[in-house]
Amino acid sequence: MSRTRTRTMDGASRRIGRTTSLTGFQIIGTGSYVPDQVVTNEELEQRLGFDSDWIVQRTGIRERRHAPEGIATSDLCYEASRRCIESAGVDPGDIDLLVVGTFTPDMSFPSTGCLLQDRLGLYCGAFDVQAACAGFLYALVVGAQFVKSGNSKLCLVVGGDTNSRVINPDDMKTYPLFGDGAGAVLLSAGGDDQGFLSYHIAADGSGSDLLSRPACGSRMPPTPEALEQAKHFLQMDGRAVFKWACNTVTESTQEVLEHAGLTADDVNLFVPHQANVRIINAVGDVIGFPRERVFNNLWRYGNTSAGSIPIALDEARRQALISHGDSILVSGFGAGLTWASAVIRW
């Protein structure tokens with residue numbers, strides 16, 4: 001077991017998180033769903049005065065999906081889960097655990113996992129994991145532990161967010177970045193050479209104020225004053241988060257590759273969290289991935305937070321970019337600050 005290093009906000013190097021392996025499970029199905037409503041940069045420019053060219057140049061995003069009124073995170077997760085179960089060809093009644101990664105739940109309680117469990121007609125334990133844009137990988141690690149230990153035979157892991165409900169339409173620096181969507185994977189027992197060849201999950205709460213939603217929690221209820229100050233919307237120090245993400249994801253991915261005894265040449269596909277094309281390209285370039293082996297659907301969907309990586313995995317599988325036995329590098333990062341990286345043997 002080794003430790004991973006990251007950079008704190010003041011630039012000092014600090015050891016956070018532990019890198020290890022967890023094999024004996026496999027992904028047997030994937031599914032994803034995004035709303036039909038496409039919101040293009042041109043629409044944002046016409047409606048809100050946002051600079052379409054600026055959005056592309058700074059983020060790589062050309063359009064995103066927004067859920068219509070009345071559609072919530074559990075609805076997106078339901079569609080992704082249904083498609084995942086269908087792709088795996090299993091009886092839903094055999095699923096014995098459901099883990100949902102989200103930071104935009106339908107409501108504070110009950111959990112989105114419970115709402116989804118009921119709608120899917122599952123008879124199993126269900127709960128949420130909240131690690132923002134790293135939420136899916138956190139949830140995947142949790143589900144994999146249950147499968148590896150034999151306490152779950154079929155575990156459904158879902159990541160999804162309805163970001164359009166928590167971003168400020170008047171904020172040019174955040175509103176164009178995010179979209180809505182969900183993805184799901186189904187886990188079962190696998191061979192000793194399948195699963196996490198290397199992984200870690202980590203957090204640095206000292207950066208919590210860099211990306212947050214201050215109001216609508218127990219510390220700051222949604223009072224008229226809080227709403228008037230737009231504190232119920234996501235707030236982000238974009239420059240600081242960008243710098244942190246570039247450094248952290250680079251070090252994090254290098255760490256799991258080294259722990260697995262692999263180089264970029266040994267990995268079939270790099271699937272990073274789809275947040276900003278400049279982050280994706282910077283990390284890929286440093287660790288030595290040619291662009292054709294770095295999955296990118298950011299331009300279509302924007303940042304779908306916990307939905308980002310499972311949507312990408314599903315699309316990559318359906319495009320025949322992932323096959324049995326492939327080594328896939330994944331990395332998620334977001335509010336918390338939280339991050340997670342893994343080398344998955346498919």
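This is a predicted model: local features need pLDDT of at least 70, side-chain atom pairs count only at pLDDT 80 or more; totals for chains, interfaces and linings use all residues.
Ala132 sits in the loop between strand E7 (125-129) and helix H5 (135-149). Its backbone deserves a look too: phi of Ala132 is near 55 degrees, a positive value in a residue other than glycine. Most residues other than glycine have a negative phi, and most peptide bonds are trans.

Ala320 also has a positive phi, about 60 degrees, although it is not a glycine. Here the setting is the loop between H10 and E14, and Ala320 counts as exposed because its relative accessibility is 59%.

Which peptide bonds are cis? One runs from Phe109 to Pro110, with omega near 5 degrees; Pro110 belongs to the loop between strand E6 (97-101) and helix H4 (112-120). Another cis peptide bond joins Gly336 and Leu337, with omega about -5 degrees, and Leu337 lies in the loop between E14 and E15.

Helix H10 (residues 308-318) is mostly covered, with 9 of its 11 residues buried. Among them are Ser308, Ile309, Pro310, Asp314 and Glu315. After the helix comes Ala320, the residue with positive phi described above.

Together, Asp314, Arg317 and Arg318 are linked in a network of salt bridges. Asp314 and Arg317 are 3 residues apart in helix H10, so about one helical turn separates them; Arg318 and Asp314 are 4 residues apart, again about one turn of the helix. An α-helix has 3.6 residues a turn, so residues three or four places apart point the same way.

Asp314 is buried at 2% relative accessibility, Arg317 is partly exposed at 29%, and Arg318 is exposed at 52%.

H10 also reaches out to another helix. The side chains of Arg300 and Glu315 meet in a salt bridge (3.9 Å, N to O). Arg300 lies in helix H9 (residues 298-301) and Glu315 in helix H10, so the pair ties together parts that are 15 residues apart in sequence. Arg300 is partly exposed, at 27% relative accessible area, while Glu315 is buried, at 9%.

The largest nonpolar core holds 41 residues, and Phe270, Phe289, Leu329, Phe333 and Val343 touch the most other members. Elements that each supply at least two residues of this core include strand E10 (195-203), helix H8 (277-287), strand E14 (327-334) and strand E15 (338-345). Helix H7 gives the largest share, 7 residues. In soluble globular proteins, nonpolar side chains tend to be buried together.

Val241 lies in helix H7 and counts as buried, at 12% relative accessibility. The C-alpha atoms of Val241 and Gly207 are separated by 8.9 Å, and the two residues are 34 residues apart along the chain.

## A negative patch

On the surface, Glu42, Glu43, Glu45, Asp51 and Asp53 gather in a patch of negative charge. Which element gives the largest share of the negative patch? Helix H1 (residues 41-48) does, with 3 residues. Glu45 has its place in H1 and counts as partly exposed, at 38% relative accessibility.

Conventions: Residues are numbered from 1 along each chain as its sequence is written. Side-chain values use heavy atoms; hydrogens and water are left out. Patches are made of residues with over 30% relative accessible area and no salt bridge: like charges are joined within 9 Å, nonpolar side chains (Val, Leu, Ile, Met, Phe, Trp, Tyr) within 5 Å. Accessible areas come from the Shrake-Rupley method with a 1.4 Å probe; for residues, only the protein chains shown count as cover. A salt bridge is a side-chain nitrogen of Lys or Arg within 4 Å of a carboxyl oxygen of Asp or Glu. Lys and Arg count as positive and Asp and Glu as negative; His and the chain ends are not counted. The place of a charge is taken as NZ of Lys, CZ of Arg, CG of Asp or CD of Glu. Buried means under 20% relative accessible area, exposed over 50%, partly exposed in between (1.4 Å probe, protein chains only). A nonpolar core is a set of buried Ala, Val, Leu, Ile, Met, Phe, Trp, Tyr and Cys residues joined through side-chain atoms within 4.5 Å.
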